Structures are given as structure tokens and as C-alpha cells.
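Reader: I have this one open on the screen and would like to go through it piece by piece. Could you start with how the elements get their names?

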Amino acid sequence: MQSKDSVGAFILGSSIVLGLALLGYFLADAAISVKQYERSVVVKGLAEREQQANVVIWPIQFSQAANDVQELYQVIEKNTEKIQAFLLINGIQSDEISATSPVITDKLAQQYGSAGKTEFRYTGVQTVTVYSEQIDTVRSVMTQMSSLGKQGIVLTGANYQAQIEYIFTGLNDIKPAMIEEATRNARAVAEKFAADSDSILGKIKRASQGQFSISDRDKNNPHIKKIRVVSTIEYYLSD
């Protein structure tokens, strides 16, 4: 009886030992597989395009001075009409032109008791704005602005409010193609890395599209925009 119990115990013990050995083997193999599966490479893909702006905002600002405020308003009104006529004659549409109320400054009220005396008590600044999609037409008119100066209109352009702005509004139309290009470029980089490291490139582990940026191509051509996007993609690698 004891002999049978001993044999049974031996078989049970051997089975446990063998089972543990097999379990350890499979766990080790699984760990190696998981570790290999976690190998990855992170790459970036760039896509760039140049597009012409499709909207221009052109503030035309002028100043006028006088000692009589009523006279000042009258001169500003006449000069505004001259600018609007100039724009219409040169191909700008009436619905693309708008004018704000003039900003009048009383220099006497700003002296705060100073004994200084100015030649003109009142100064006024008026802005006529062109908002147009006719980029080429507007840029052509800009080159003829000297004719307004010859009519006695003092144009100003040194302040921020009078800066010309070019806008590109067609980003949504080119987004899909640019994302595809950036992804394709990223994969090309990843494939080169995999080949150099004797690895096989797998599926995408994670991806980040990145932000689109729109900037002037250069300071001399602000109407030409550079659109840029960088996608970051992580791929699995295997042997």
C-alpha cells in the first residue's frame, strides 16, 4: 500500500514540476513576444504648400488738421469721397469699400495747462477700408496711390491699424491632401529606419496630426502664404 502511495506521490510531484516548467517556458516566450511587439519607432512627416491669399483687407488712412471743427469734418468728407471715387475708377467694387467715422482730436484739450501753442487745434484721422477677393486688382491699385497725394490727401500708414492684411481661407479644401502627404512622408522615413535596423515596419501604434500653420512666404510677398503641417506617427517594429 505504501508502495502505491509513493508511486502516486512521485507521479503527482513530477506532473507539478513538469507543469511549472512548461508554464515558465510559455510565460517566457510570451514575454519575449510582448517585448518584441512593443518595439516601435516615432517619425515625423512634413507637408508644405504655397497658396495665394484669397482675401485682402486694405485700410487706407489719411489725416487732416484745422482750427474749425466743422471745416475739418467737411474736408474729411470730401477726401473720403475722392478716395472712394479713385477706388471705383480703378476696378474696386462699391460693396468692397467701407468708411469708418473719423477720429477727431482736440489738441487744446490735451495740453493740460501747458503754455505750448499748436498751429492747428483739431486733427482728424479717417480710414477707408477695402475688403476684397480681387487680390491682383487691389495690388495694382496700391501702386497708383501717389495720385491721391497729388490731390492733397495726406496718407498715413505707419501705425498698426493701417497695415494691409492678406488672408487665406481655403485651408479646409487642402487639409485632406496635406495630411495624406505628411503621413506618406512619415512612413517613408519609418521604412528607411526599419530597413537600416533590419526590422520590419508594422502598423501605426499612434498618430498625431499636428497643427496647421499659415505664414507669409517672405516679407516682400505677404500675399503668398506658406501652409505647413507636421504629423507625428509611431509605428510598430518587428524582426
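Author: A strand is a DSSP run of E with at least two residues, and a helix is a run of H or I with at least four; both are numbered from the N terminus. By that naming, Gln 61 lies in strand β2. Bear in mind that this is a predicted model.

Reader: How many helices and strands are there in the protein?

Author: The protein has five helices and ten strands. It has 239 residues, and 27% of them count as buried.

Reader: What is the mean pLDDT?

Author: The mean is 84, with 79% of the residues at 70 or more. Residues 22-35 fall below 50, and apart from near neighbours in sequence that stretch makes zero contacts in the model.

Reader: Noted. Back to Gln 61: buried or exposed?

Author: Gln 61 counts as buried, because its relative accessibility is 7% and the cut-off for buried is under 20%.

Reader: What does its side chain have a polar contact with?

Author: The side chain of Gln 61 makes a polar contact of 3.1 Å with the side chain of Thr 127.

Reader: Which way do β2 and β5 pair, and over how many bridges?

Author: They pair in the antiparallel sense, over eleven bridges. As an example, Ile 57 has Tyr 131 in β5 as its bridge partner.

Reader: You mentioned Tyr 131. Where does Tyr 131 fall on the accessibility scale?

Author: Tyr 131, in strand β5, counts as partly exposed because its relative accessibility is 47%.

Reader: What is Tyr 131 in contact with?

Author: Setting aside neighbours within four places in sequence, Tyr 131 contacts Val 55, Val 56, Ile 57 and Glu 96.

Reader: Which residues of α2 are buried?

Author: Leu 72, Ile 76, Asn 79, Thr 80, Ile 83, Phe 86 and Leu 87. They lie on the same side of α2, because they cover an arc of only 125° around the axis.

Reader: What covers the buried residues of α2, and what is on the face turned away?

Author: The cover includes strands β2, β3, β4 and β5, along with helices α3 and α4. The face turned away carries the exposed residues Gln 70, Lys 78 and Ile 89.

Reader: What happens at the start of α2, and what follows it?

Author: At the start, a side-chain oxygen of Asp 68 comes to within 3.0 Å of the backbone nitrogen of Gln 70. After the helix there is Gly 91, with a positive phi near 100°.

Reader: And in α3, which residues are buried?

Author: Ile 135, Val 138, Val 141 and Met 142 are buried in α3. Their arc around the axis is only 130°, which puts them on the same side of the helix. They pack against β1, β2, α2, β5 and β7.

Reader: Last one. Which residue has a positive phi although it is not a glycine?

Author: Asp 198, at about 55°. Most residues other than glycine have a negative phi. Asp 198 sits in the loop between α5 and β8, and counts as exposed because its relative accessibility is 67%.

Note on methods:
Residues numbered from 1 in each chain as written. Predicted model: local features only at pLDDT ≥ 70, side-chain atom pairs only at ≥ 80, totals over all residues. Heavy atoms only, no water. pLDDT = per-residue confidence, 0-100. Contact = heavy atoms within 4.5 Å. Buried < 20%, exposed > 50% of the residue type's maximum accessible area, 1.4 Å probe, protein only. Arc of directions from axis to C-beta. Polar contact = N/O pair within 3.5 Å; in protein donor to acceptor, adjacent residues only side chain to side chain. Pairing = 2+ DSSP bridges.
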